[in-house]
Amino acid sequence: MSFEPNLVGFLCNWCSYTGADLAGTARIKYPPNLKVIRVMCSGRVDPNFILEALAHGADGVLVCGCHPGDCHYVEGNYKCQRRLPITRMLLGEMGIDPRRVRLEWVSASEGVRFGQVVSEFTEEIRSLGPLALQEWAFDAAAADAQLAHQGGDHA
Amino acid sequence: MPKVNMTVDGRPITVDEGSYVLQAAEALGIEIPTLCFFKYVKPYAACRICVVEAKNKRGRTRIVTACNYPASEGIEILTRTPRVMAARKLNLEMLMSRCAPMPVLTDLARKLGIDQPRWGTGTDMCILCGLCVRVCDEIVGAQAIGFASRGIERFVTTPFEVDSDACILCGACAALCPTGHIRMEEASDREVVHSEITLGPNAAISVPFRQAVPNAPRIDPEFCVHFRTGGCKVCASVCPKECISHDDVERFEEVEVGTVVLATGYQDFDPTPFKQYGYGRLPNVITSMEFERMNNAAGSTGGKILLENGKEPRAIAILHCIGSRDENAHPYCSRVCCMYALKFAHLVKEKTSAEVYQLYIDLRAFGKGYEEFFHRILEEGVNVIRGKGAEVVSAGRDCQEGSLIVRCEDTLAAKFREIPVDMVVLCTALEANRDAKDVARRFGISVGADGWFIERHPKLGPVSTTTDGIFLAGVCQSPKDIPDTVAQGSGAAAHAMSLMIRGEVEMDGAYAVIDDEVCSGCRLCNDLCPYSAIGFDETKKTSSVNPALCKACGTCAAGCPSGAIRALHFADDQIYAEIEGILS
């Protein structure tokens, strides 16, 4: 059986969540791998949410917001646009492929596009394979010991 | 204005000093004949028919022209003395000796008791009243015509007797000319120019249309003489209530409202880029709006269906789906065209004896009574061809049946057809307004790929939008016909009323709160908030959220370094629980 990625999506209430809704009412086909969490704005997406999702076994995280200039809250999506690259950088430092976190703009009318984005993202994560976090990573003492064992060079 | 007392034919009257005798007589209902007087231009005393006898305080009488003789204290005016009548007769007879026997002169001659003018009649059509010259100068302000030569050789002409650039083609001179000497004529032999048919009224001051709200006339600066020459303003001087202001300019007014119904409508698709239909290139190819205008009794042809040469068409082709259901323009169906195209066919059959050809892809007679109307059209003998009009070309000179050829594939007969017609009506698509995106952004709603505003839900919320208090009505949401628009408009109004009638707004439970105990007072959130809902308490050194301003986006909660902000309903622990839940 091929690998089925486990994906978490943070969708803004006004554009992307509505767009996803439209994808549903329009009977657009896309992979069922994405599990959606509704937030009021992509600006609400705390980088901790992304890390938490990855820590709990997600293989990738998709954040969708309104197109630049269309934010229901004027500029929340810009905040998100600034936070995401930093989060990705952080993930790189931790040895996690930054491609596992993606930011996309999906408007309320783009049901078809939402389907395409989810399909693409699912395929990309499928090609990256499962995110294998080491057990010791969740325990500070164990992590220290592991790092000492590896001579400070974390995997 | 000082007043003076005078008498006309023994009847006393008090008038403004400096006003003219003619007006005083008019006010008393005493008729003084005149050929050259017009209330809105300065009196000129050209015709000398309005002569009267004026007796001053010293008892001296003399013959004066009433139109430009100023009223003064104690003056006595006699309008019907033998001396006056003889003078009028003489002046008219001299005028007639030069001019052709036109009704305006012969009628007056009969009134004055002239059977046969003593010196016969001449041939000149112009009585040199100067009305045209004065109106062009004083009212229009164009000064495009004037008198030339003098004495018996005097005549009215343009400067140097050449076509004058100063003339703005207002037609005021022709309208005022009492003899018909000045006429407005089309330079070529065209009678109707379809491309010049404006879709609104053609007069400079008019009520935009009969159902207009407010139902008041407005001035169209494009046609108004005043905005071209700075003169005229006759409408303002005629209006008894002094309602007309030419200095009025458009201004922006701010109105505080709680709900908004967007009913911004649509724009008409411009078929010019579709070269195959020849719109703008071939004569007698018009859009449905232009055809509609032509059919309007208040329109430019007075409701007649006419070709550019002023003749009635022998055959008319109505081409459906121009710009709609077309991958090259709009993929959607404009929804109203089928039915108005059938209405056009009915109008043509009613007003002319022309053949009508409907060229359609599919006839969508979906509404109440629509299918029945379609059958009525079929019974009226309209030719209905299933096949989209592919091309309109000019017919050859030897084509007897029409000046245009419409090419199409008749998909029911499975053959290619060339239909000779005289007129082609293009049923153009309904198109979202050019600025729909800007409007949507302003009201915090979204537009679809076609440019129509998106409703809250295609089935359950067809009137409301994702923004509370913003409702949609009419074609701005999607193409629809009048009954559907009225229904949606009523729904939108009712929705808006139900919000307003409550008198208070129910707040959403979602907003952000800041925990004083945890807040470090870094003020990072203050700048993050797009609504300035977060303030800083200088005494407590903490930030706090004003729940009335907060729109619950949660950007501050995501940005707080100490985790002091809780976005209610979307709090961190709630979202963590969700993450855990969906990943378990």
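# Exercises on a predicted two-chain model

In chain B, 57% of the contacts (heavy atoms within 4.5 Å) between residues at least 6 apart in sequence join residues at least 24 apart. The model is predicted, so local features need pLDDT of at least 70 and side-chain atom pairs count only at pLDDT 80 or more, while totals for chains, interfaces and linings use all residues. Residues are numbered from 1 along each chain as its sequence is written, chains are lettered from A and ligands numbered from 1 in the order in which they are written, and side-chain values use heavy atoms, with hydrogens and water left out.

**Exercise 1. Describe the make-up of chain A.**

Step 1. Secondary structure is taken from DSSP runs, numbered from the N terminus: helices are H or I with at least four residues, and strands are E with at least two. On this basis chain A has five helices and four strands.

Step 2. Along the sequence, these elements of chain A follow the order β-α-β-α-β-α-β-α-α.

Step 3. Buried denotes under 20% relative accessible area, exposed over 50%, and partly exposed in between (1.4 Å probe, protein chains only). Of the 155 residues in chain A, 46% are buried.

Step 4. For contacts in chain A between residues at least 6 apart in sequence, 78% join residues at least 24 apart.

**Exercise 2. Locate the backbone features of chain B at B:Pro214, B:Ala414 and B:Ala552**.

Step 1. Most residues other than glycine have a negative phi, and most peptide bonds are trans.

Step 2. The peptide bond from B:Val213 to B:Pro214 is cis, with omega near -5 degrees. B:Pro214 sits in the loop between strand 8 (205-206) and strand 9 (218-219) of chain B.

Step 3. B:Ala414 has a positive phi, near 55 degrees, and belongs to the loop between strand 17 (404-410) and strand 18 (415-421) of chain B. With a relative accessible area of 63%, B:Ala414 is exposed.

Step 4. B:Ala552 also has a positive phi, of about 65 degrees. This alanine, B:Ala552, lies in the loop between strand 24 (542-545) and helix 14 (555-559) of chain B. B:Ala552 is buried, with a relative accessible area of 12%.

**Exercise 3. Characterise the interface of chain A and chain B**.

Step 1. The contact involves 32 residues of chain A and 31 residues of chain B.

Step 2. Buried area is the accessible area (1.4 Å probe) that two parts lose on being put together, summed over both. Chain A and chain B bury about 2,800 Å² between them, with 63% of it on carbon and sulfur atoms.

Step 3. A salt bridge is a side-chain nitrogen of Lys or Arg within 4 Å of a carboxyl oxygen of Asp or Glu. Between chain A and chain B there are two salt bridges. One of them joins A:Arg44 to B:Asp572, with the closest N and O atoms 2.7 Å apart.

Step 4. The elements that give two or more residues to the side of chain A touching chain B are strand 1 (7-12), strand 2 (34-39), helix 2 (47-55) and helix 3 (76-93) of chain A.
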